[in-house]
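Hi,

Here is the structure I promised to pass on.

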Amino acid sequence: MVLSFLLLLKMMLFIFLTKIEYNKVLVFIVSSLYILFFFSIIYFSRNKKKQSIAFSFYNIISAIMFVDVVYYQYFNGLPSINMVKQLGQVAQVSESVKTIINPLNLLFILDIPVLCFYSSKKKKKIKRENKIYSKNIKTRIPYAIVSTLAILAIVMNTSGYSSIINGQEFFTYHARDLAKLFKGKCDVAVGESIFTEEDLQCLKEQSILEDRKYTGIGKGKNLIVIQVEALQNFAINRYYEGQEITPNLNKFIKENGSIYFDKYYQLVGIGSTSDAEFVTNNSLYPSMDEPSYIQYQDNTFYGLPWILRDQGYTAWSFHGYKKEFWNRDKAHPKQGFERYVSEEDFKLGDIVALGLNDEDFFHQSIDYIKEMKEPFYAFMITLSSHNPFNIPQEYQEIQLKEEHKDTLFGNYLQAVHYADKAIGEFFDELKKEGMYDNSVIALYGDHFAISSLEDENIRIMSQYLDIDYDFDSMMNIPLIVHVPGEEINETVSTVGSQLDFLPTILNIMGIENEKGIMFGLDLLNSEDQIVAQQIHMRKGSFIDKGKMFVMSRDGIFDHSRAIDLETRRSIPLEECREGYERAISEIDKSKYILDNNLIGSIISGSDEIIAKKPEEKLEIRNKNRIGFAANTKAKLDEYYKKGIRLMEIDLEWTDDEKLIVNCDNGMTIEELEQWMKDHIDAYIITDMVGDTSNAMKYIKYNLKEVKERFIPQVKDMEEYYLVYTKGFKNIIFKIPDDKYTDKEILEFVKLYDHFGVAISEYRANRGFLRKLQKQGLTTYIY
């Protein structure tokens, strides 16, 4: 009872700290039922070690809650089980983790030592008393109560409330996340739309280099790209109490040949800094399952290093930290870098933040750069302005007000000012070595430094910037490109992100991406890009020229918020519908390419790279009549003689993985194929027992002559996407009663031209039939 009560209190704190906005009471009720269920099962069992089991369960749940809330404070979401693989890297940035721990977080674990002492005393008492457990009515009653609670929780969680609970409720979220791990990767992840020939052609067309603005002004020159740790745009061209925060970068922007992009945004995933590198060099969206360098370490890529190497460039990467961190030692060669110069290649001096200080990093890198055969591409990743920004006193030059000392904001100003100094010294050394005037230099921030999810940060930053500090300010990073010898100096306010770096820099270098694809746009010659976010802001969120749309954590569009970026006032959500759908579509297309490792096929010009576009919708005579359970040749013939051209058959997989018609005296799949060849105007609706996606894949490749006349019947949204990507557009969506709300279904059916939708008689009688018919859908009732 004590542990149950304490865990219920912690669950209330968990809901508060993870800022669940909608349906708090419902989420708490479901969580409470699970807690009571688990503790009841333990308490009323006959296991003599149940005290230890209960205490272990309590400790594990408390620890997971602690990790969840710490993760949430930085990422605005709950962590995946995949993040366990990154614990070693978390340990290496432990100082950064400490800065995001709220004192309230510690309440999840502070009581554990006290309870350890209590549990030890309790176990000794139980052993002394040598309690005997008996089977009687008093112990059976709680089992009945427990069963009732469990059933209630499960019913609530699999009913129309599932979408509300799935992404927010503690036990449900982690159970679903764990299930994904055991389920393994599918061909396409949930929510993905098909990647068509038209999509591929569109991406290739935007890679074509035309004679546009600033095309080729850097042609033949070296390229030095500097990714600056945690450089936010607010620090550029700004003063603090009369002190210039980034004097060298401000001077760099003012030089002839410089182009400054002031509406440029980060686009990272779970891999943070490493994902900034990944997106910048490849113009692909990052992974949200694992850091991209880890999840896709075996993929084929054709990004900036490979493109430049095909043009005769030498490509090296530089970073003053451990080579294996973020899997760079394996990932950088796959990205196309011929050499990765890491911590072991430098002489370590003063450590600032994580590793080699920026001054020593740049100074020592000069000697390595001089070794590179020209033209070269040097990709450099800085360190000193890394969270928690606690740089040594001797490097601190900004005089802070008392109120900003020992704050994240104050520490950041010191760190970024030091990083700016090191960059200025590097530019001077490049000039001294005669490399500055023959090198295009691009510099950008990898990700934000100061989160807009913390109240103190919001207060300080809003006061300093004189605007409401929100995601748009937080994610705004600078991009500066300097082309020596050019009489240009321009600030470009086209909205873009790290996704757009590759096409923009290729235009400047006068190089066409003839083989690969890019999801980004050349910001010098394009209209405003949409910035589709999926971490810190939930997938579906976006920033464009005039507005910011922040998808609700519960995944419901109508619970989201949107603001006008100029007035900072709320705007109608429907104005964001198109951007929301585009954001999801773009991310999913990129994920489809990466999950299926298609870059190699694309650069080789192979035709077998995507699921081919399905045939147009079928026009079938007597579409409203279906021959049910036509599992034998006799039944098929009977229906056909009656003029029915739509027949439903039941399919299943055998133990030895053969696809068969599910009937004692049914046909083989080969007999079904022959019958369809003999009756060319007949169509088969499949009702699959088991994996429909693999069944349709089998039909696609083994029944090629008749595959277009199969109409898959699918029963959930994930299965729908999987079947769709196999090339089947004519699908019947058979909707179970207990899986989706009416609203979720109506949102989903707008995405595709369904052959038909099947609903139960119960759902039809509740008026849902009319709602579907209003959308012009052919509707069947089962």
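Below is what I found in it, going from the whole chain to single residues.

Bear in mind that this is a predicted model. The chain has 782 residues, and 57% of them count as buried. Its secondary structure comes to 28 helices and 25 strands. If you take the contacts between residues at least 6 apart in sequence, 72% of them join residues at least 24 apart.

Start with α1 (residues 2-17) and α2 (residues 24-43). Their axes come within 10 Å and cross at roughly 155°. That angle makes α1 roughly antiparallel to α2, because anything over 145 degrees counts as such. The crossing of this pair is right-handed. On the α1 side the contact is made by L3, S4, L7, L8, M11, M12 and I15, and α2 answers with K24, V27, F28, S31, S32, I35, L36 and F39. Sorted by class, the contact of α1 with α2 comes to 11 nonpolar, 3 polar and 1 charged residues.

Next comes α2 against α3 (residues 50-75). Here the axes come within 9 Å and cross at roughly 160°, so α2 and α3 are also roughly antiparallel to each other. The crossing of α2 with α3 is right-handed. From α2 you have F38, F39, I42 and Y43, which meet K50, I53, A54, F57 and Y58 of α3. That contact divides into 8 nonpolar residues, no polar ones and 1 charged.

**A buried helix**

Which residues of α20 are buried? The list reads F501, L502, P503, T504, I505, L506, N507, I508 and M509. That is 9 of the 9 residues of the helix (501-509), so α20 is largely enclosed by the rest of the structure. Just after α20 sits G510, with a positive phi of about 70°.

**A four-stranded sheet**

Further along there is an open sheet of 4 strands, in the order β14-β15-β16-β17 and with antiparallel pairing. Its edge strands are β14 (531-532) and β17 (561-564), each of which pairs on one side only. If you want to look at one pairing, take β16 (residues 547-550) with β17: the two run antiparallel over 4 bridges. Within that pairing, V550 stands opposite R561 of β17.

**A loop tryptophan**

Where does W326 sit? It is in the loop between β5 (314-319) and α15 (328-335). Is W326 buried or exposed? Its relative accessible area is 12%, and the cut-off for buried is under 20%, so W326 counts as buried. The C-alpha atom of W326 is separated by 6.4 Å from that of S274, although the two residues are 52 apart along the chain.

Most residues other than glycine have a negative phi, and most peptide bonds are trans. Against that background, these are the spots I would point you to.

- The peptide bond joining E374 and P375 is cis, with omega at about -5°. P375 belongs to the loop between α16 (358-371) and β9 (376-381).
- N387 and P388 are also linked by a cis peptide bond, with omega near 15°. P388 has its place in the loop between β9 and α17 (408-432).
- Y214 is not a glycine, yet its phi is positive, at about 65°. You will find Y214 in the loop between α10 (197-205) and β1 (222-228). With 18% relative accessibility, Y214 counts as buried.
- A629 is not a glycine either, and its phi is positive at about 50°. The loop that holds A629 runs between β18 (626-627) and α23 (633-641). A629 has a relative accessible area of 26%, so it is partly exposed.

That is everything I have for now.

Cheers

Methods. Residues numbered from 1 in each chain as written. Predicted model: local features only at pLDDT ≥ 70, side-chain atom pairs only at ≥ 80, totals over all residues. Heavy atoms only, no water. Axes fitted to C-alpha atoms, helices over the stretch in contact; angles between N-to-C directions. Parallel < 35°, antiparallel > 145°, perpendicular 65-115°, else oblique. Left-handed = near helix turned anticlockwise from the far one by under 90°. Contact = heavy atoms within 4.5 Å. Nonpolar A, V, L, I, M, F, W, Y, C, P; charged D, E, K, R; others polar. Buried < 20%, exposed > 50% of the residue type's maximum accessible area, 1.4 Å probe, protein only. Pairing = 2+ DSSP bridges.
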